[in-house]
Every structure is written in C-alpha cells, then in structure tokens.
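Welcome! Take a look at the model below, and we will walk through some of its charged pairs and a part of its surface.

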Amino acid sequence: MYLHYVFDLWIHQRRSKTAKEDVIVVRYADDSVVGFQTKSEALRFLDALRERMATFGLSLNEEKTRILEFGQFAIERRGRRRQRRPETFDFLGFTYICAVTRMNPHFTIPRVTIASIMRATPRAVRHGLMKRHHAPIAEIGAWLRRVVQGT
C-alpha cells in the first residue's frame, strides 16, 4: 500500500508528463522492473527515483538496482560493438534472457527458473525424506504427495 503512493502514482504521473518514450513498468510487492527505449531516459529515471524514495526515507537496494541493455535490438547492437550477448536478470523466481529463435528467427524472452532455486528444491525434498526414513511408507507417501501437488 505504501509503495502505491511513493512509486505507482508517481510513475503514472511521470509517464504522462516527462517521459519522452514508452515506459514499461512491472511491480510485484517491493520488486519492480522498469523498461525504457534509451539509456539516457533510464538514467534520468533512476536519478529521479532515488530522489523520490529519499523524500519518504526509503532507498533502493543497490545490489539489485542496475541498468542493463535488454530487448529486441540489444543482441544486434552488442554484436556490432563486439560485446557478449545481453545480460540476464532475475525477477520473481525466474531468470529472463534475450534470445532469437532458431527456426524462424525472431526475438523472444525465454524465462527459466533461477538456478539456485532449481538446486534448492530437490535438496529440501531429500532432506525431508531423510527426516522421515523411519516413518511408515504410507506416511512418507502422503507427505511426498503433498510436496509434489503443492498443497
């Protein structure tokens, strides 16, 4: 609720008054991704956002806050500059990647589960099974069914 006033309403106002290009905003709780067409617009926004947050005694997490080249033309532009492929980013449990399909070449953004989560889940299941290895098979089966079904 708090970020609704600090961030959402401010973004809406900024979009209509000061943005020179399209702005894409995705926010879930206190995590957000904001997309711009140019780096200069992104830098101006980041400075303004830092000021806005400071007004309310808040700050951005500098480990998570960054500007990266991403999108439909990022692969081509980085190739011309002889740079590696565009960076990826993690958001809401997924890693987002810039890619071009092989068969009918067109831009796509595949998303894969974050690698650390992929490793942690089987580890947690194995740990749960080890804790229950003396329990009756029916009890272990009931627990495992709940884990697999997500209930």
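This is a predicted model: local features need pLDDT of at least 70, side-chain atom pairs count only at pLDDT 80 or more; totals for chains, interfaces and linings use all residues.

Are the two partners buried or exposed? Glu 41 has a relative accessibility of 3%, so it counts as buried, the cut-off being under 20%. Arg 44, at 38%, counts as partly exposed.

Helix 2 also takes part in a pair that reaches beyond the helix. Arg 50 and Glu 62 meet in a salt bridge with an N to O distance of 2.8 Å. Arg 50 belongs to helix 2, while Glu 62 lies in the loop between helix 2 and helix 3, so this pair ties together parts that are 12 residues apart in sequence. Both side chains are partly exposed: Glu 62 has a relative accessible area of 46%, and Arg 50 has one of 33%.

Now move on to helix 3, residues 74-80. Here Glu 76 and Arg 80 form a salt bridge, their closest N and O atoms lying 3.3 Å apart. The two residues are 4 apart in the helix, which means that about one helical turn separates them. Arg 80 is exposed, with a relative accessible area of 58%, whereas Glu 76, at 48%, is partly exposed.

| Salt bridge | N to O distance |
|---|---|
| Glu 62 and Arg 50 | 2.8 Å |
| Arg 80 and Glu 76 | 3.3 Å |

How many salt bridges does the structure hold? The count is 9. Salt bridges also link Glu 69, Arg 77, Arg 78 and Arg 81 into a network.

Which residues form a nonpolar patch on the surface? They are Leu 129, Leu 144, Val 147 and Val 148, and together they have about 300 Å² of accessible area. Helix 5, made up of residues 137-149, gives the most to this patch, with 3 residues. Val 147 has its place in helix 5, and its relative accessibility of 35% makes it partly exposed.

Definitions and conventions:
Residues are numbered from 1 along each chain as its sequence is written. Side-chain values use heavy atoms; hydrogens and water are left out. Patches are made of residues with over 30% relative accessible area and no salt bridge: like charges are joined within 9 Å, nonpolar side chains (Val, Leu, Ile, Met, Phe, Trp, Tyr) within 5 Å. Accessible areas come from the Shrake-Rupley method with a 1.4 Å probe; for residues, only the protein chains shown count as cover. A salt bridge is a side-chain nitrogen of Lys or Arg within 4 Å of a carboxyl oxygen of Asp or Glu. Buried means under 20% relative accessible area, exposed over 50%, partly exposed in between (1.4 Å probe, protein chains only).
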